[in-house]
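Thanks for coming. Please look at the screen.

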Amino acid sequence: MAGYEETLYVQTHCQFYRGCDILGTVDFIFGDAAVVFQTCEVIVRKPMDNKQNTTTTQSRVDKHETTGIVLQKCKISADDTLKPVKKKIEGYLGRPGKEYSRTIVMESEISDIIHPAGCKGKAVLRLKRYITQSITNNIGGGSKVKDRAKWGGYHKEFKKEEAEKYTVARLIQGESWLKSTGEPVRLGTYSLLR
């Protein structure tokens, strides 16, 4: 899936993507579905002048919704147009689209195109809970959590039990509908269960 701004709209229900290439610039994976991207290549392109890159924008509006964007065992990197200018362009794993936004990046390789804060934007008073950006076991130059955003509700890392809530088995109940398709799928975590 190749685009620039708003490449993939994960609008509703449960969704699963495996082994896909997704290219974009601003908010290029966005919406309010319960969605897991597994073993995908998330490729960040060079944006228009004076723009920044934000990979995800999740838009959960109710704390009781069971939605969220999960990147599991993915690779987040720059395409050839961004590589020569990556130091001049800020790139973020995401930004909150609504007050209960939820994005999780776990067990993934995150290149150094990602700003140390991880998240774009400033703390918003109405922002209740924004879970994002790092569960242990991410690797790469953009995976360090030391300088991540310091907002209330922002979680830099969490334990295995919390991570398991965002797997294919738990977030999208994938065992009940994905197994019958024959699609290769990892129901739980990869490295966290060792």
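Where is the place of Ile22? Ile22 sits in strand S3, residues 21-24. Strands here are DSSP runs of E with at least two residues, and helices are runs of H or I with at least four, numbered from the N terminus.

Before going on, two notes on the source. This is a predicted model, in which local features need pLDDT of at least 70 and side-chain atom pairs count only at pLDDT 80 or more, while totals for chains, interfaces and linings use all residues. Residues are numbered from 1 along each chain as its sequence is written, and side-chain values use heavy atoms, with hydrogens and water left out.

Back to Ile22. Is Ile22 buried or exposed? Ile22 counts as buried because its relative accessibility is 0%. Buried means under 20% relative accessible area, exposed means over 50%, and partly exposed is in between, with a 1.4 Å probe and protein chains only. Leaving out residues up to four places away in sequence, Ile22 touches several residues, including Met1, Leu8, Ile29 and Phe37. A contact means heavy atoms within 4.5 Å.

Phe37 also touches Val10, Tyr17 and Leu71, among others. That leads to the cores. A nonpolar core is a set of buried Ala, Val, Leu, Ile, Met, Phe, Trp, Tyr and Cys residues joined through side-chain atoms within 4.5 Å. The largest one has 25 residues, and Phe37 is among those with the most contacts inside it. Elements giving two or more residues to this core include S1, strand S4 (26-31) and S5. A second, separate core has 14 residues, including Val36 and Tyr166.

Next, the sheet. Four strands form an open sheet in the order S2-S5-S8-S11, with parallel pairing. Two strands pair if DSSP finds at least two bridges between them. S2 and strand S11 (103-106) are at the edges with a single partner strand each, so one side of each has no neighbour in the sheet. S2 and strand S5 (residues 34-38) pair over five bridges. Phe16 stands opposite Val36 in S5.

Last, two loop residues. Most residues other than glycine have a negative phi. His13, in the loop between S1 (8-10) and S2 (14-18), has a positive phi of about 65°. His13 counts as exposed because its relative accessibility is 63%. Lys73 lies in the loop between S8 (68-72) and S9 (75-78), and its phi is positive too, near 55°. With a relative accessible area of 37%, Lys73 is partly exposed.
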